[in-house]
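Please read them alongside the sequence and the coordinates shown here.

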Amino acid sequence: MRRTLGWGIAAAAMLVAAATPAGAASHRPAQVTGSAEFVLPYGQDSDVRSFAFDARSVPYSRPIPLPGGEKGSPADATGTVRVAHWLAAENITVRFEAAVDCMITSPGHATVTGVVIRADEQARDFVGQRVGFSVQDGGRGRDRVGFTWSASADQNEAGQWGPARVGTCLAPAAFATVTRGNYTVRHAELTAPPEGH
């Protein structure tokens, strides 16, 4: 499982940061980067779970055909989230990848959603579904993450329970503690659409 960390994200983030002029800081997009393993506060087991984020904001880039949605959203985003779960009992790693569509940040915190575009056979039911993530950047050794698929459920009009539908930029609080690795959240305020947009 240790091989699932990395994906070159941390190195790429450092190169981008080094190439960004200091005066451009106020115009930099929000960003979530990094790869880490974490443990659940419930259902303790020997499994190893990890998320790798490479997401950045691209405001007003995803117009939707709904009233008020024609310009897109200030929370529009792009990038990927890669999920890996090593199942100790079966000694296999199950992976899937989500294409980021929304991100909102505050200092040290981010909520990210994406639609699953690729998955191993054991996770094929996730393909086409939107999943949500929360990230708390508490500094190295104090990060946390949360995610939707094990912490959310929903009821239909008849009161029947089932998996929750996940809207853009929706996720629970960051409930799981990072044990190895690091996440970095770069905050940027949501902005009004550009002139004439």
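What pLDDT does the protein average, and what percentage of the residues score at least 70?

1. Confidence. The model is predicted. The average pLDDT of the protein is 86, and 86% of the residues reach a score of at least 70. Residues 1-26 have a pLDDT below 50.

2. Barrel. Eight strands form a closed barrel, with antiparallel pairing, in the order S1-S2-S3-S4-S5-S6-S7-S10. From one strand to the next, the twist averages 30 degrees.

3. The S1 and S10 pairing. These two strands run antiparallel and are joined by nine bridges. Across this pairing, threonine 33 stands opposite threonine 184 in S10. In general, strands of a sheet pair through backbone hydrogen bonds.

4. Nonpolar core. The largest nonpolar core holds 31 residues, of which Val32, Phe51, Phe53, Phe133 and Tyr183 touch the most other members. At least two residues of this core come from each of S1 (31-39), S2 (48-57), S3 (77-87), S4 (92-106), S5 (109-119), S6 (130-136), S7 (144-147) and S10 (176-186). The most is given by S4, with five residues.

5. Tyrosine 183. Leaving aside residues up to four places away in sequence, tyrosine 183 touches Thr33, Gly34, Ser35, Ala36, Phe51, Phe53, Val135, Asp137, Asp143, Val145 and Val178. Among these, Phe51 and Phe53 are also listed with Tyr183 as core residues that touch the most other members.

Methods:
Residues are numbered from 1 along each chain as its sequence is written. This is a predicted model: local features need pLDDT of at least 70, side-chain atom pairs count only at pLDDT 80 or more; totals for chains, interfaces and linings use all residues. Side-chain values use heavy atoms; hydrogens and water are left out. A nonpolar core is a set of buried Ala, Val, Leu, Ile, Met, Phe, Trp, Tyr and Cys residues joined through side-chain atoms within 4.5 Å. Buried means under 20% relative accessible area, exposed over 50%, partly exposed in between (1.4 Å probe, protein chains only). Helices (H or I, at least four residues) and strands (E, at least two) are DSSP runs, numbered from the N terminus. Contact means heavy atoms within 4.5 Å. Two strands pair if DSSP finds at least two bridges between them. Axes are lines fitted to C-alpha atoms, for helices over the stretch in contact, and angles run from 0 to 180 degrees between N-to-C directions. pLDDT is the predictor's confidence in each residue, from 0 to 100.
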